[in-house]
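Dear colleague,

Please find the structure below, handed over for your files.

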Amino acid sequence: MFSRAVRPALRAGGAAVARPAPANAATFATLREIEGRLKSIKNIEKITNTMKIVASTRLTRAQKAMDESRVYGKTSNTLFEQAETKPLEDKKVLLVVASSDKGLCGGIHSGLSKATRRILADIPNADVVILGEKAKASLSRAAPENIVLSFSNVCKDIPTFADAQAIADQIALLPEDYASVRIIYNTFVNAQSYEPITLEAYSEEAITQSANISSYEVDDQVLSSLREYALANNLFWAMAEGHACEISARRNAMENASKNAGEMINKFQILYNRQRQATITGELVEIITGATASEDM
């Protein structure tokens, strides 16, 4: 037999054991889940902020290379504008899509794919050469039969004329004699806007049939070299400008992602604080209720 002094404590302990689990027993798991999500979002915010800083530092160099390539490209195309060169209409057209391998830059690559599909709707028999895996993944589903050549690992860094020349050499080895080569790329409008446009690279026969080409007194032996140089120059222009657009788009995308992550962190922090306060309040209520019940026994 226990003494009369310890009997109330024993009865209170037995009641505590027999009492069912509190209603907020699952609250602790919910708190841990919220805390885990909060930690994950904070880590994501750190990554996006870092990527935004890296893109911002690379953007200056990319824009400088873009401006330099524009000078070369526009100067080269002035010859064909003054010679009134026009593409031939009785031969196939080759489309060169200047994309890249990297994502996390908004819809800049999907815009190129949509522009290419619109051209293919008008010229269904056109052949396609793709630079980069992003546009290839999209166009391989939409028009796999049109793709004749593709390149990967392009535009990882600022493109050079040597890179464009290597691609132009591979295009020149294609067996088809194309009327013209249309390069589809993103042009840099401003820091927030990019527009896919087409740049024309003429065939040797089209250059020969230009209305005013005779005024330049170009030898026939030089025409093939001129055509290859013009193609490489336009590719260099398109790749450099597309690279600058990609870096700028990635910076904007990471900035928006960091902003959204910050808003989510604030919401989850408020939810975590409210849930934690509710848990503490529930525990205090249980303690006070148990103490009151012990005193009444």
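This is a predicted model: local features need pLDDT of at least 70, side-chain atom pairs count only at pLDDT 80 or more; totals for chains, interfaces and linings use all residues.

Residues are numbered from 1 along each chain as its sequence is written, and side-chain values use heavy atoms, with hydrogens and water left out.

The protein chain holds seven helices and five strands (DSSP runs of H or I with at least four residues, and of E with at least two, numbered from the N terminus). Of its 297 residues, 39% are buried, that is, under 20% relative accessible area with a 1.4 Å probe, protein chains only.

The largest nonpolar core has 26 residues; such a core is a set of buried Ala, Val, Leu, Ile, Met, Phe, Trp, Tyr and Cys residues joined through side-chain atoms within 4.5 Å. Val96, Leu131, Ile171 and Leu235 have the most contacts inside this core (contact meaning heavy atoms within 4.5 Å). Helix 7 gives the largest share, seven residues. Leaving aside residues up to four places away in sequence, Ile171 touches Leu94, Val96, Val129, Leu149, Leu231 and Leu235. A second, separate core of 15 residues includes Ile119, Ile123, Ile130 and Leu139.

Leu139 also belongs to the helix pair: in helix 4, Lys134, Ala135, Ser138, Leu139 and Ala142 meet His109, Ser113, Thr116 and Arg117 of helix 3.

Terms used: Buried means under 20% relative accessible area, exposed over 50%, partly exposed in between (1.4 Å probe, protein chains only).
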